[in-house]
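Hi everyone, thanks for making time for this one.

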Amino acid sequence: MSPLWLAASPLLLASGSATRRDMLAAAGIPVEVVKPQIDERAVEAPLLAAGSPSDAVAAALACAKALAVSQDHPGRLVLGADQTLTCDGEAFHKPATLAQAADQIAALAGRTHELHSAFVLARDGAPLVEGVAIARLTMRPLSADIIARYLDCAGPAALSSVGGYQIEGLGAQLFDRIEGDHFTILGLPLLAVFVALRDLDVLAR
């Protein structure tokens, strides 16, 4: 257990993202992963139909994950997180196939899109703190050949990220400009999470 972590139990991460898990662990936060059993598209659908902004959708998804796990683990502090991607008002999701990834990258090429990364901390089925951060990324113009070469190298790993790219690796070559911190781009506004954990007295000040 990290000397900076004051709680008796590790943080429960309500997310199947290995990137989020590794981010927290590398920063000295002891973490256990419990993947939430929720239908994300069912949570998202009424919000999109009502015209809710992307940050609100990301926050709702993060909250649904946190509460789903928190209700089954009394007394434990749970972190839920989610990320949405929008480009000119169009929402994107993780591609299911490499062909879908190619279509998504082609749609984003030469344009600026937004990533909204949200988190919710919950305990005993109730949200305690939430936050959302935004990053703006501009992808360079890309030919079909370059997209195919990228996906041939990236392989199935490209399917693990919304938009079909992994900017922490080979996907960085697809971009011209980035506005926003690295943690937000990877799917968790880590610095804001630290502030919340210190305010909850589970992380040393």
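Predicted model: local features only at pLDDT ≥ 70, side-chain atom pairs only at ≥ 80, totals over all residues.

How much space lies in the largest pocket? The answer is about 780 Å³. If you want to find the middle of it on your screen, look for R20, K94, S160, S161 and V162, which are the closest to its centre among the 37 residues that line it.

Which elements supply that lining? Helix 1, helix 2, helix 3, strand 3, strand 4 and helix 6 each give at least two residues. You can trace helix 1 at residues 18-26 and helix 6 at 182-186. Strand 3, at 77-87, makes the largest contribution, with 5 residues.

Now please turn to helix 5, which covers residues 144-154. Here I147, Y150 and L151 are buried. Where do they sit around the axis? Their arc is only 95 degrees, so these three are on the same side of helix 5. What about the face turned away from that buried side? There you will find R149, D152 and C153, which are exposed. And what lies over the buried residues? Helix 4, at 98-108, is part of what covers them. Just past the end of helix 5 comes G155, whose phi is positive, at about 65 degrees.

Buried or exposed, what is each of them? C63 has a relative accessible area of 17%, and because that is under 20%, C63 counts as buried. C153 is at 60%, which is over the 50% cut-off, so C153 counts as exposed. In case you were wondering about disulfides, the count for this model is 0.

One last stop: A192, which you will find in helix 7, residues 190-199. Its relative accessibility is 36%; that falls between 20% and 50%, so A192 is partly exposed. How far apart are A192 and E130? Along the sequence they are 62 residues apart, while in space their C-alpha atoms are 9.2 Å apart.

That's my tour, and I'm happy to go back to any of these spots with you.

How values were computed. Residues numbered from 1 in each chain as written. Heavy atoms only, no water. Disulfide = S-S within 2.5 Å. Buried < 20%, exposed > 50% of the residue type's maximum accessible area, 1.4 Å probe, protein only. 1 Å grid on protein atoms, 1.4 Å probe; cavity = no way out; pocket = protein on both sides within 12 Å on 5 of 7 lines; lining within 4 Å. Points joined across faces, edges and corners; volume = space filled by probe spheres on them. Helix = DSSP H or I, 4+ residues; strand = E, 2+ residues; numbered from the N terminus. Arc of directions from axis to C-beta. Contact = heavy atoms within 4.5 Å.
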